[in-house]
Amino acid sequence: MRAQFVLSEIGVGLRRNLTMTFAVIVSVALSLALAGGSWLAREQVDSMKGYWYDKVQVSIFLCNKNDAKTDPNCTKGAVTEEQKQDIEKQLKALPLVEKYFHESAEDAYKHYKEQFSDSPLADSLTPDQMQESFRVKLKDPTKFQVVASAFQGRPGVQEVQDQKALLDNLFGLLNGMTLAALVVLAFMLAVAMMLIVNTVRVSAFSRRRETGIMRLVGASSFYIQMPFIMEAAFAGLVGGGLACLMLLVGRYFLIDHGLSLQTKVPLINFLGWGEVAQVLPLVLVVGMLMPALAALIALRKYLKV
């Protein structure tokens, strides 16, 4: 009997405040979809970091004849065979070097032609204009300064370049975008909480006579508050379900179809359906608990005798 009464009160409350309940559902859905998207974006950035940082190389560019005329780091002339042998010996001796390989000027020219065959500069370049280099894979990419201090400024070395610095700029931009999404998320959650509180207060005010009678006959505070809390939880659960649907549709159209980022940006290992599915239960739980908690806080003050 009590369960039937609570359920009937939930239905009455939802019908009386249909417009505001709809506003709560929409605001919860949008805020939780943004929350889930921000979480997945952070996971995507972390996945990209792990993938690309593992492929980071340190490039030790060697001086050629052209650099000897124009570059202040190559005033002693082009690199000699003896200098290259010394660099290779030191690379072998460094414990943080996982592996390395030497790229000749001819190899660099060949790779450039393969990668930039459509460039108008490709036909004007010659192999002797390209720089030979040592490409070094470190066991710990953060130890770049050790290699830089060991080889920068040596005779025959034009520059020591760290690819990680280029990736740091990219990931800094992506982290900034994720932070901006979190700021918008916080604003949306605040709006959703205020809507929930106002909806619960309006619902409680419209049924103040019924709640007063229940107080007089000895009903407990929990029993009186339960219909209002369940209304808010139901609206939040519906909003959470819509948020899950938005995340699934977004993953489908952005990655697999529609915009097809998977084919347009093949170098990025995008998160799969499994990672998205792991977020959905959390979205549903938060969608149900957040409105229920907001309703409980609002009712403790409003229904106080």
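This is a tour of a predicted model, going from the sheet to its salt bridges and then to a surface patch.

**The sheet**

Start by selecting the four strands, which form an open sheet in the order S2-S3-S1-S4 with antiparallel pairing. At the edges are strand S2 (97-103) and strand S4 (157-162), each of which pairs on one side only. From one strand to the next, the twist averages 15 degrees.

Next, show strand S1 (residues 58-62) together with S4; the two are antiparallel and joined over five bridges. To find one point of this pairing, pick isoleucine 60, whose bridge partner in S4 is valine 160.

The whole structure contains four salt bridges. Select glutamate 98 and lysine 137 for one of these, with the closest N and O atoms 3.8 Å apart. Glutamate 98 is in strand S2 and lysine 137 in strand S3, so this pair ties together parts that are 39 residues apart in sequence. Colour the two by accessibility: glutamate 98 is partly exposed at 45%, while lysine 137 is buried at 13%.

Now move to arginine 135 and glutamate 103, another salt bridge, whose closest N and O atoms are 3.1 Å apart. Here arginine 135 belongs to strand S3 and glutamate 103 to strand S2, and the pair links parts 32 residues apart in sequence. Are these two partners buried or exposed? Arginine 135 is buried, with a relative accessible area of 17%, and glutamate 103 is buried at 7%.

**Helix H4**

Select lysine 84 and glutamate 81, whose side chains meet in a salt bridge at 2.9 Å, N to O. Both are in helix H4 (residues 81-93), and they are separated by about one helical turn because they are three residues apart. Lysine 84 is buried, with 12% relative accessible area, whereas glutamate 81 counts as exposed at 51%.

**The nonpolar patch**

Finally, switch to a surface view and select Phe234, Val238, Leu242, Leu245, Leu248, Val249, Tyr252, Phe253 and Trp273. Together they form a nonpolar surface patch with about 770 Å² of accessible area. Which helix supplies the largest share of the nonpolar patch? Helix H9 (residues 221-256) does, with eight residues. Phenylalanine 253 lies in H9 and counts as partly exposed, at 45% relative accessibility.

How values were computed. Residues numbered from 1 in each chain as written. Predicted model: local features only at pLDDT ≥ 70, side-chain atom pairs only at ≥ 80, totals over all residues. Heavy atoms only, no water. Patch = residues over 30% accessible without salt bridge, like charges linked within 9 Å, V, L, I, M, F, W, Y side chains within 5 Å. Areas by Shrake-Rupley, 256 points an atom, 1.4 Å probe, with all protein chains shown as cover. Buried < 20%, exposed > 50% of the residue type's maximum accessible area, 1.4 Å probe, protein only. Pairing = 2+ DSSP bridges. Axes fitted to C-alpha atoms, helices over the stretch in contact; angles between N-to-C directions.
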